[in-house]
Amino acid sequence: MISTSVLGIRLAFAAAVLAPAGALLAWSRPLPPISAARPVASTPTDGEGVIRAMHDKYANSWYRTLSFTQKTTRRTPADTMVIETWKERAMIPGYLRIDIERTTGNQTIVFGGDSIFVWRGDSVLTRAATRNILMVIGFDVYRQPPETTLAVLAGEKYSMKPMREDTWKGRPVYVIGAAAGDLRSRQLWIDKDRLLFMRAIEPDQRDSTKILDMRFDNYVKVPAGWLSETVELYRDGKLFQREEYSDVRTNIPLDPKIFTPPSAH
């Protein structure tokens, strides 16, 4: 659900790297103010309307927990491709745990609100302030108040204007945050009919001359919602990670303690 390359990009800009580990992950930064709630129009006229429509369509039906096995094919700094197995579990909204199997030692990553913890064994390696934007717009949006999602997106510098209609892979989409022909500004692409996230574009935080392009593809219906079974991540048009999901389960019991770093148990 998140590339380690994207993770590295965001960690590089996190001020709280290696801060002492705390208790259960929580929101630790104030969210920017957002406009008051408003009635949802039948046809959204801006990005805020799209976000509200996404929430309202699935708020009473979307799954609360999710688990799956992820085959991750990622590009190394040596420009070779390696394959890893990731096990992911999520409590929606707000919590995601990724267990990565590696020959050098297994690693765990947990996102909670605006915080991330990375640990190996019983040792917390990193704590940082950062968000998993793909979880926010691909999952949390359906299970948290739209005001919360809009505030998070504002904090991540995603503008709700302009908004236009386009086509992506044969499906009509709303494009939020960029005019036609603009593939450099921060923007979100949302399936117009199903109101599912399909694509996000943003500048590479390590090098703003480069562009990250994150795509959800191959949506399938699962119990209590939808899931994109393939996620692809590009940097300047070059694929650097592909994620393929299997063994998908929704609404299974999860112990909240699995999202707590070892030192906080």
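I began with the lining of the largest cavity, which by class has four nonpolar, four polar and two charged residues; here Ala, Val, Leu, Ile, Met, Phe, Trp, Tyr, Cys and Pro count as nonpolar, Asp, Glu, Lys and Arg as charged, and the others, Gly among them, as polar. I noted that this is a predicted model, in which local features need pLDDT of at least 70 and side-chain atom pairs count only at pLDDT 80 or more, while totals for chains, interfaces and linings use all residues. Residues are numbered from 1 along each chain as its sequence is written, and side-chain values use heavy atoms, with hydrogens and water left out.

I then looked up which residues lie nearest the centre of the largest cavity. Of the 10 lining residues, these are Gly 94, Gly 113, Asn 132, Val 136 and Asp 140, where lining means having an atom within 4 Å of a cavity point, and a cavity is a set of points on a 1 Å grid over the protein atoms alone where a 1.4 Å probe fits but cannot get out. The volume of the largest cavity is about 90 Å³, taken as the space filled by probe spheres set on the points, which are joined across faces, edges and corners. I found one cavity of 30 Å³ or more in the structure.

Next I turned to the chain as a whole, which has four helices and 13 strands, these being DSSP runs numbered from the N terminus (helices H or I, at least four residues; strands E, at least two). Of its 265 residues, 54% count as buried, that is, under 20% relative accessible area with a 1.4 Å probe, protein chains only.

Strand β4 (residues 107-112) held my attention because six of its six residues are buried, so the strand is largely enclosed by the rest of the structure. Gln 107, Ile 109 and Phe 111 point one way from β4, whereas Thr 108, Val 110 and Gly 112 point the other way.

I followed the neighbours of β4 on both counts of pairing, which requires that DSSP find at least two bridges between two strands. Strand β3 (residues 95-101) pairs with β4 in the antiparallel sense over six bridges, with Asp 99 opposite Thr 108; five residues separate the strands in this hairpin, where Gly 105 takes a positive phi near 130°. Strand β5 (residues 115-120) also runs antiparallel to β4, joined by five bridges, and Ser 115 is the bridge partner of Gly 112. Two residues lie between β4 and β5 in their hairpin, and there Gly 113 has a positive phi near 60°; Gly 113 is also one of the residues nearest the cavity centre.

How values were computed
Buried means under 20% relative accessible area, exposed over 50%, partly exposed in between (1.4 Å probe, protein chains only). On a 1 Å grid over the protein atoms alone, a cavity is a set of points where a 1.4 Å probe fits but cannot get out, and a pocket is an open set with protein on both sides within 12 Å along at least five of seven lines; lining residues have an atom within 4 Å of a point.
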